[in-house]
Amino acid sequence: MITGGAGFIGSHTAVSLVQSGFEPVILDNFSNSDHSVIGSLERILETKIKWYEADCLDGDSVREIFSENEFAGVIHFAASKAVGESVANPLKYYRNNVESLLILIDAMAEYGVKDLVLSSSCTVYGQPEILPVSESTPRQEAESPYGNTKKICEDILRDYIKSGAKSRIVALRYFNPIGAHPSSEIGELPKGVPANLVPFITQTAAGIRRELTVFGNDYDTPDGTCVRDYIHVLDLADAHVKSIQYLFKQEENFYDVFNVGTGNGNTVLEVIKAFEKVSGKHLNYRIGPRREGDVVKTWANTDKIKNLLGWTPKYSLEDSMRDAWNWQVKLGSAGK
Ligand SMILES: NC(=O)c1ccc[n+]([C@@H]2O[C@H](COP(=O)([O-])OP(=O)(O)OC[C@H]3O[C@@H](n4cnc5c(N)ncnc54)[C@H](O)[C@@H]3O)[C@@H](O)[C@H]2O)c1
C-alpha cells in the first residue's frame, strides 16, 4: 500500500514498484493531488492501478482497506508538507503527520503487515556542522512544526521497535526531490506559490511568476548562494523499492534510517544555469536579501544506502531540470 500515492513522490514510486513486479494499491485523500494522476499512471504503465479515496486519519476506512487487501508492506507518504503553513497551523500538521502514522501502525499490527517505509526528511539535521551529513549526525531542534513532525514520526517508530514490535521499518531522509517522469505524465503539482526552488524556476520561465528571487549570495559557499542536494524523483522512487526489498530480508523487530540524496551539493545559481542550459530559456531572476531560517548548505553522505541497499542515483541535475521543464511545458499555465 502506498499512502499519498497520488502525490509527487508517491506517484513516481508507484511507477517504480510496478516496474519491479509489485502491485501497489494507492490510498489518497487527494487533498494535495489530482485524480487525473491515476489515469496518468495507467498510461505510463499500461495497466490498471487499484486506488482508494480515503483519509489516513479515518481509522475505520484504513482498516477496511487492510481487510480487503493482503498487503506485503506499506510506504507511508501521506502527510502535509508546507513548512510555512505548519508554522501558522501546527495542529493540522501534528494531526495529519503524526496521528496518521499511529493509525497506520495500529492497522498494520491488526492485519499482520510487518514492513513499513516512512518518508522522513533531511530537515531533521537542520544546519549540520560537518558535511556531507551522515545518518549518525545528530538531529537538531526542528525549525518548524513540519520538521518536528518528521522527528516525532522517526522517534515513534524507533520506540515502537524498541518495545519489541515484530515490524521491520525504514525511515528515508530525503534531501531535495526534483524532476518529473520523463513521459511528462506525472510530476510535481504545487498548489499556489511554490515554496521549492525548482517549481518556482519552471513557473517563472513559463511566465506564471514574474521573477525568481535568490535569497542571498553572500554565504560561505562556492558562489555565495545556498547549497542543497537535489535528487531526481525517479531515483528517490527507486530507493523505496530497494527499501521494501531490503526489509523483506531482515529479521523481525528492525528499524533503520537512510539518507537519500546524490551525495553532491549544488548552489542555487548552478541549478538556474542547469535549467537555462537544458531549456534554452533565459531565467528572470534577481538576488535578494538572505531569508531567515534558511539552511546555508547541506548534502548527503550516501555510503550507507549504497552499501546496504545497493542503491545509487542514475540521473544528473540536468536530467532533473529537463524533466521538470518538460512537465511544466505540459502543464502550461496551470498552477497559477
Ligand atoms: N517533496 C519534498 O521536498 C519532500 C522532502 C522531504 C520529505 N517529503 C515527504 O515525502 C512525503 C511525500 O511528499 P510529496 O512531495 O510527494 O507530497 P505531496 O503533497 O505531493 O503528496 C502527499 C500526498 O498525500 C496525500 N495526503 C495528505 N494527507 C493525507 C491523508 N490524511 N490521507 C490520505 N492522503 C493524504 C495528498 O493528497 C498527496 O497526494 C511527505 O511525507 C513529505 O513530507 C517531501
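Strand E5 (115-121) gives the most to the shell around the ligand, with 3 residues, where helices (H or I, at least four residues) and strands (E, at least two) are DSSP runs numbered from the N terminus. Helix H1 (8-19), strand E2 (25-28) and helix H6 (145-162) are, like E5, elements that each supply at least two residues of this shell.

The model is predicted, with local features needing pLDDT of at least 70 and side-chain atom pairs counting only at pLDDT 80 or more, while totals for chains, interfaces and linings use all residues. Residues are numbered from 1 along each chain as its sequence is written, and side-chain values use heavy atoms, with hydrogens and water left out.

In total, 27 residues surround the ligand, and the closest are Asp-28, Asn-32, Ser-33, Lys-81 and Tyr-146; a residue is near a molecule or strand if one of its heavy atoms lies within 4 Å of it. By class the shell holds 13 nonpolar, 10 polar and 4 charged residues, with Ala, Val, Leu, Ile, Met, Phe, Trp, Tyr, Cys and Pro taken as nonpolar, Asp, Glu, Lys and Arg as charged, and the others, Gly among them, as polar.

| Residue and atom | Ligand atom | Distance |
|---|---|---|
| Asp-28, polar side-chain atom | oxygen | 2.6 Å |
| Asn-29, polar backbone atom | nitrogen | 3.1 Å |
| Lys-81, side-chain N or O atom | oxygen | 2.7 Å |

Taken alone, the ligand exposes 820 Å², of which the protein buries 95%; accessible areas come from the Shrake-Rupley method with a 1.4 Å probe, and for residues only the protein chains shown count as cover.

The loop between E2 and helix H2 (36-45) contains Ser-31, whose side chain makes a polar contact of 2.8 Å with that of Asn-29. Phe-30 lies in the loop between E2 and H2 as well, and its phi is near 60 degrees, a positive value in a residue other than glycine. In the loop between E5 and H6 is Pro-132, and the peptide bond from Leu-131 to Pro-132 is cis, with omega near -5 degrees.

An open sheet of 7 strands has the order E3-E2-E1-E4-E5-E6-E11 with parallel pairing, two strands being paired if DSSP finds at least two bridges between them. Its edge strands, E3 (50-53) and E11 (254-260), each pair on one side only. Strand E6 (residues 168-174) runs parallel to E11 and is joined to E11 by 7 bridges, and Ile-169 stands opposite Tyr-255 in E11.

Definitions and conventions: Polar contact = N/O pair within 3.5 Å; in protein donor to acceptor, adjacent residues only side chain to side chain.
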